[in-house]
Amino acid sequence: MLLSKARTDEFFFRGITGAFALLVIIGVVAIGVELVRESRLSIQEFGWQFWQTDTWNPVAGQFGARPFIWGTLYSSLLALLISTPIALGIAIFISELCPAWMRWPLVFLTELLAAIPSIVYGLWGIFVLVPFVRSLEVATPEWMRAIPLFSGPPLGVGMLAAALILSIMVIPFSSSVAREVLKAVPQAQREGAYALGATRWEAIRMALFYARTGIVGAVMLGFGRALGETMAVTMVIGNSPQINWSLYKPQYTMAAVIANEFTEATDDLHLHALIEIGMVLFIITLIVNMISRMFIWSMARQRKPRAAAAPPVAAKATA
Amino acid sequence: MIRDRYRRLLSHVIVGLCGLSVLVALVPLALILFYVLSQGVSSLNWAFLTRMPAPVGEPGGGMANAIVGSLIVSGLGAIFAIPIGIISGIYAAEYAGTRLANAVRFAADTLNGVPSIVIGVFAYGIAVLPFRQFSALAGGVALGIMMVPLIMRTTEELLRLVPTSLKEGALALGATRARAVFTVVLPAALPGILTGILLALARIAGETAPLLFTAFNNRYFSTDIRQPISTLTVQVYTYAIAPNEDWHRQAWAGALTLVAIVLTCSLLARIATARMEKLQRGS
């Protein structure tokens, strides 16, 4: 009698908590399904053509999304290029170099960078960063303008401003993961390097090498963040769909076009085209995040067997 | 010898560069906080907090409706997310290692990485389209979806930190698993879970993108969750991109309010965490 009560109790407990867990999984699947369902008109109408054409003209009913993919990838890659060395430097400084009393405040400050809402970044971007970028662009010498990378009118808004603001926003994410990963490197790695006469940097390089997969994961995680960032980029990138290498020209991203045009989309085809962009953004970030998590996981797994193997060796040494 | 000196020099240079990169990251942080404070304080006043937006072209007015709206929408999000997050977190911790636990953990991490604008599109599809109406409720759904993975992962991690001897003690006294979890393990982890909820709230209170086409905006004071509602973040966005000096001023004041809310939440959470760690070490 008692046993059976315990058993039904366990049954309900597991069933109910399990149902909620299932709900979370269903939710994620539902996002994918809903995005495909709500973009069917555009998928049927344009097919792959959607991603191969450059004209985006809602009035004429022409929808080509290539410039948005370009803008998203280009701005995120640029942001990664700027933020990765800085984020790594911060992670190394906090986990390897700085005195213990500085660690907590520094961690707090970098986390603060992640806590600031993206709309505040955007506001600051419009009124402070964009004028600054414009003055940089005005001051660009003539010979530099000849390079396609720096051609274009000095508007201030454009790819450079977007990449800069994105890199600031991504730094806390990649640096905090890189810090965790570096913490997972066994102290013996560094001690071994020092024992062989390594300088401080050479010992750090050993630790970095040991942690390389996790660090790649950290950088990818930042990339995923940059791809999906909406408000700050929308406010400074200039919102003009074109494929261009120039840092000075205004461009457009996938997230930005959804944010700008979604409420104004009057006909269904326009709305479905926007949702299709959202669907592809969903898929891209999904893949990037999965790869990044795989890297970070493999780093964590690699550590465990070694830690387990350690005690017997120590026991042998004392014996 | 020369090579040795070179190695030492290189080491110093790189150590210096690492320190420099910390400074490079702190400069924008300082600049942002400086501008938000200096621009915001001058326009943040009682009228801003208590008045309604002024008609177009008229200076003055405030964001009272947006502040209330933000509270309502974030609150709705929390109402959706807290039960789902905590209960699925309990499953992930109690049945760790089962296939469903791994799957739900994976789903939560995936959800956490989904761009907020995409969450907005999804919420539009399930909570706006069927009713042909933007609403505070739809905004709450969007924010709730973003909160679930945050709350779930915190709950799971904190439940695992509770010493197993506590649960075993309860089980040995004849408690069922459900009773052990709800009366012994969960209360022990509760302060930490509340901290996690606070942090999640701080994060979603600053979200704009998922609200643009779910909660939309409203020029009037509204507490009806079936109607569109104004929120602080969307209002700041609208004012920031409008060509109107007075609105820009208000956008800065709104940004200051937002930063103040977010910072207060994270500071509170941090103090609570520090205190808990001290308690744990003490015992």
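Modeller: This is a predicted model. Start with pLDDT, the predictor's confidence in each residue, from 0 to 100.

Colleague: What is the mean pLDDT of chain A?

Modeller: The mean is 89 in chain A. There, 93% of the residues reach 70 or more. Residues 305-319 of chain A are below 50. Beyond near neighbours in sequence, that stretch has one contact in the model.

Colleague: How do you know that chain A touches chain B?

Modeller: Contact requires C-beta atoms within 7 Å. By that test, 64 residues of chain A are in contact with 69 residues of chain B. Helix α1 (residues 2-37) gives the most to this side of chain A, with 16 residues. The side divides into 42 nonpolar, 15 polar and seven charged residues.

Colleague: What makes a set of residues a nonpolar core?

Modeller: Its members are buried nonpolar residues joined through C-beta atoms within 7 Å. The largest such core has 180 residues. Among those with the most contacts inside it are V120(A), I165(A) and M147(B). Helix α7 (residues 159-183) of chain A brings the largest share, 17 residues.

Colleague: Which residues does M147(B) touch?

Modeller: Among them are G77(B), A81(B) and I204(B), not counting residues up to four places away in sequence.

How values were computed: Residues are numbered from 1 along each chain as its sequence is written. Chains are lettered from A and ligands numbered from 1 in the order in which they are written. This is a predicted model: local features need pLDDT of at least 70, side-chain atom pairs count only at pLDDT 80 or more; totals for chains, interfaces and linings use all residues. Two residues are in contact if their C-beta atoms, placed from the backbone, lie within 7 Å. Helices (H or I, at least four residues) and strands (E, at least two) are DSSP runs, numbered from the N terminus. Ala, Val, Leu, Ile, Met, Phe, Trp, Tyr, Cys and Pro count as nonpolar, Asp, Glu, Lys and Arg as charged, and the others, Gly among them, as polar. A residue is buried if 20 or more other C-beta atoms lie within 10 Å of its own, exposed if 12 or fewer, and partly exposed in between; C-beta atoms are placed from the backbone.
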